[in-house]
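Me: I have a structure here that is new to me, and I would like to talk it through with you. Could we go step by step?

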Amino acid sequence: MPATDGAGGIVVLTRRRDFLAANAGRRAPMPGFVLLVRPRDDGDATMRIGYTVTKKIGNAVVRNRMKRRLRALVREVLPDTGIAGADHVLIGRAGGVERDFATLRSELGKALRKVLR
RNA sequence: CCAGAGGAUCGGGCGACCGCGGCCCCCGCGUGAGUGGGGGGCGAGGAAAGUCCGGGCUCCAUGGAACGACGGUGCCGGGUAACGCCCGGCGGGGGCGACCCCAGGGACAGUGCCACAGAGAGCAGACGGCGACGGCUUCGGCCCCGCCAUGGUGAAAGGGUGCGGUAAGAGCGCACCGCGCGACCGGUAACGGAAGCGGCAUGGUAAACCCCACCGGGAGCAAGAUCGAAUAGGGGUGGCACGGGGCUUACGUCCCAGGGCGCGUUCCCGCCCGCUACCCGGGUUGAUUGCUGCAGGCGGCGCGCAAGCGUCGUCGUAGAGGAAUGGUCGCCCAUUUCCGCGAUAAAGCGGAAAGGACAGAACCCGGCUUACAGAUCCUCUGGCCUU
RNA sequence: GGAGAGGUGGCAGAGUGGUCGAAUGUACCGCACUCGAAAUGCGGCGUGCCCUCACGGGUACCGUGGGUUCGAAUCCCACCCUCUCCG
């Protein structure tokens, strides 16, 4: 059984090919992060989520904090407004660590609406 | 009160809700491995860092001896499992002082190097120069002999200053300073003191080679173990192939050998050797394990100047694996800014906002080094004022 | 997590105790050759600070900071950065 990240049945991506596939999906760049979404179209309704924080963002401390904050975002937002049957990938950007959490939350909602259009 | 020195400690606190990691308990389903739900308490550091040293642990290697090679350490004594660490002492340097800093063995075991400049750079003399007697002279000097005070240098030039002395000079003589040797005394030792003796001789560099003393097998938890597709390698059996020489018709037997491995050399010693067929077996991704309790913290007592040691009591719960600590809110504490009242300056009072250093365990310990907002405590030094 | 290697002009890359701000190539600038260009030849060419009207000169810098030495790009120590290898 894959890890669920405690967010109501959302599965975490670990495979490189899943990330590459998501890269070909829809993109929604925001000041603190970039959201990638790819509908799988395989009849399965579970949402999946992946996180990418590269070395450009900072050292291990900064990168881990970035991932924790992204997970917190996903837990609050995705169960309600996420896209069923799709893979989501959040890519951390420079400044995402300092950015106010409420701002990030509204921006994630904005990004999801943008992707749905 | 100001300036400074040494040492120790902490490194935001309390609470609520939603989450994460693993542990324990309970309930449901399942023969079972498991799985769904609920509850409980636990969950990063002083540096977790750099990976610079020392160990534990694991695998590999390790037959014996001598010499050697390579790497490291380097005042003395002590502490320690050990150390390149720590403590105490000695010597040298810096500071008015509290204190701080030092790779701090050996340069009469040997070798090398000391650029440029300079007459000369390591052993003393040559060159320039100074000088009485004697000899020669074309009257300018030259030869013989004596001498090192004098030489625009240089990081460094053969004790320094002064007086005497001399043909010129020279520790040649003397005084003071410096230097060397040093009976003897103190100290476990490093070393310190020192009567007396010596006219003074041994430049620097060992973070150049080196000498001396002491230490050191290699790799690292991505070690290693267990379960486990495929390939290669490995093992067993069969077949083929299988150095030279002596004796023998032959079978056989004896002698001599080649290459590789065991850090180098020598001697003894041990192991391995080409092709092919079949069989055994094989361990990548992954999973499980190694995986956290101890050279442990705190307190009392004893020993020790101290580092530390002994003993008694007491306390203990991170164990992930693309890697768990986050998000939101309230109150308080440092800190900063702004506004109002203090007289327009200061202390102070009230209010609002911002806001938390360096940094995240990855097998575990002992050190070192480096990063670090701010806060607290102890001891000491110098200066100023008051009594 | 562990094990190693390396930092020198704009770029590449020698130099490993003195005469070294530092060879050489490349890039750039000027001149020559050409109708013009390329190629070729010759010459020049780092940065900061200070002095100078200027020409020119002095000084520091070989990743950073200390140390040894008379003298350091070179030897030693600490730190920073970059790269490689191990499942």
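Me: Thanks! How many salt bridges does the count come to?

Reply: A word on the ground rules: this is a predicted model, where local features need pLDDT of at least 70, side-chain atom pairs count only at pLDDT 80 or more, and totals for chains, interfaces and linings use all residues. Residues are numbered from 1 along each chain as its sequence is written, chains are lettered from A and ligands numbered from 1 in the order in which they are written, and side-chain values use heavy atoms, leaving out hydrogens and water. A salt bridge here is a side-chain nitrogen of Lys or Arg within 4 Å of a carboxyl oxygen of Asp or Glu. By that rule, the count is two.

Me: Which residue forms a salt bridge with Arg38, and how many residues apart are the two?

Reply: The partner of Arg38 is Asp87, at 3.4 Å from N to O. Strands (E, at least two residues) and helices (H or I, at least four) are DSSP runs, numbered from the N terminus. Arg38 sits in strand 3 (residues 33-39) and Asp87 in strand 5 (residues 86-92), which puts them 49 residues apart.

Me: Is Asp87 buried or exposed?

Reply: Buried means under 20% relative accessible area, exposed over 50%, and partly exposed in between (1.4 Å probe, protein chains only). Arg38, at 23%, is partly exposed. Asp87 has a relative accessibility of 0%, so Asp87 counts as buried.

Me: Which residue pairs with Arg105 in a salt bridge?

Reply: Side chains of opposite charge can pair when their charged atoms come close. For Arg105, the N to O distance in the bridge is 2.6 Å, and the partner is Glu76. Arg105 lies in helix 3 (residues 101-116) and its partner in helix 2 (residues 60-81), so the pair ties together parts 29 residues apart in sequence. Arg105 is partly exposed at 35%, and at 40% so is the residue you asked for, Glu76.
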